[in-house]
Amino acid sequence: MAGRLKQPTGRYAGKSADERQAERRRRFLDAGLQLFGDSPGFRATTVAALSEAAGLSTRQFYEEFRTLEDVLSALHLQVNDWAEQAATAALTDAAGLPLAERATAVFHAYAANVTGDPRRIRITFTEIIGVSPRMDRQRLSRRARWIDFICAEATAAAERGEAEARNYRLAATAFIGSVNGLLHDWTAGWVDATLDQVVDELVRLLMAILRPANRSPHDT
């Protein structure tokens, strides 16, 4: 019985086998971002159409992925990684600023990253919904990372005396739902506001959640 063919390990056109594989994967993901995030959408895309958009063959597709859902999964994780990196970088840059200013900087960075490319927000909030139990678990898992992010910053703020010392998980879960819903509706054109106004409203919501118990709503 013939053994499985080994992947070539030499260099071709100045690139190693690993480099060529990474490039193929990137081309498939770029094509997925366009087709899933714009037109015709994930459910109407075929392997043949994706491969053609990537300028590669269906054989090469199956060397990188098992199904189109694998491409959607990778894109969803990538889009969330980009947004998380933007938020984390903004948090680092805003270190030492008052809580409200830090929150504003973080959410401006997050919102700008997610909404800057309509294809990203469609994949994050629309195309992944209802695809499969696996995608539902992944979506909830990534949401949990954002909840952890909020909880960690709330705890740090409490230790500095800027926020009430309490368990923030339930409040953070509700807040992340508000972030996702408001940004989705704003992107869809259902919210008559600028992105700055949307971010400012989210910051007000967060500050109301974090406000120390002994501080009145009129305190700044």
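User: Which residues of helix 6 (residues 118-127) are buried?

Analyst: The buried residues of helix 6 are R120, I121, I123, T124, F125 and E127; buried means under 20% relative accessible area, exposed over 50%, and partly exposed in between, with a 1.4 Å probe and protein chains only. The model is predicted: local features need pLDDT of at least 70, side-chain atom pairs count only at pLDDT 80 or more, and totals for chains, interfaces and linings use all residues. Residues are numbered from 1 along each chain as its sequence is written, and side-chain values use heavy atoms, with hydrogens and water left out.

The buried residues of helix 6 pack against helix 1, helix 4 (68-93), helix 5 (99-115) and helix 8 (169-187), where contact means heavy atoms within 4.5 Å. Helices (H or I, at least four residues) and strands (E, at least two) are DSSP runs, numbered from the N terminus. The chain has 9 helices and 0 strands. Of its 220 residues, 41% count as buried. Among contacts between residues at least 6 apart in sequence, 67% join residues at least 24 apart.

The loop between helix 6 and helix 7 holds S132. S132 is buried, because its relative accessible area is 14%. The side chain of S132 makes a polar contact with the side chain of E69, at 3.0 Å; such a contact is a pair of N or O atoms within 3.5 Å, and within protein one must be able to donate a hydrogen and the other to accept it, while residues adjacent in sequence count only if both atoms are side-chain atoms.

Helix 4, one of the partners of helix 6, also meets helix 7 (residues 133-159): their axes come within 10 Å and cross at roughly 10°. Helix 4 is therefore roughly parallel to helix 7, a term for angles under 35 degrees. The axes are lines fitted to C-alpha atoms over the stretch in contact, and angles run from 0 to 180 degrees between N-to-C directions. The residues of this contact divide into 8 nonpolar, 5 polar and 9 charged; Ala, Val, Leu, Ile, Met, Phe, Trp, Tyr, Cys and Pro count as nonpolar, Asp, Glu, Lys and Arg as charged, and the others, Gly among them, as polar.

Helix 1, another partner of helix 6, spans residues 17-37 and includes A22. A22 is partly exposed, since its relative accessible area is 46%.

Notes:
Parallel < 35°, antiparallel > 145°, perpendicular 65-115°, else oblique.
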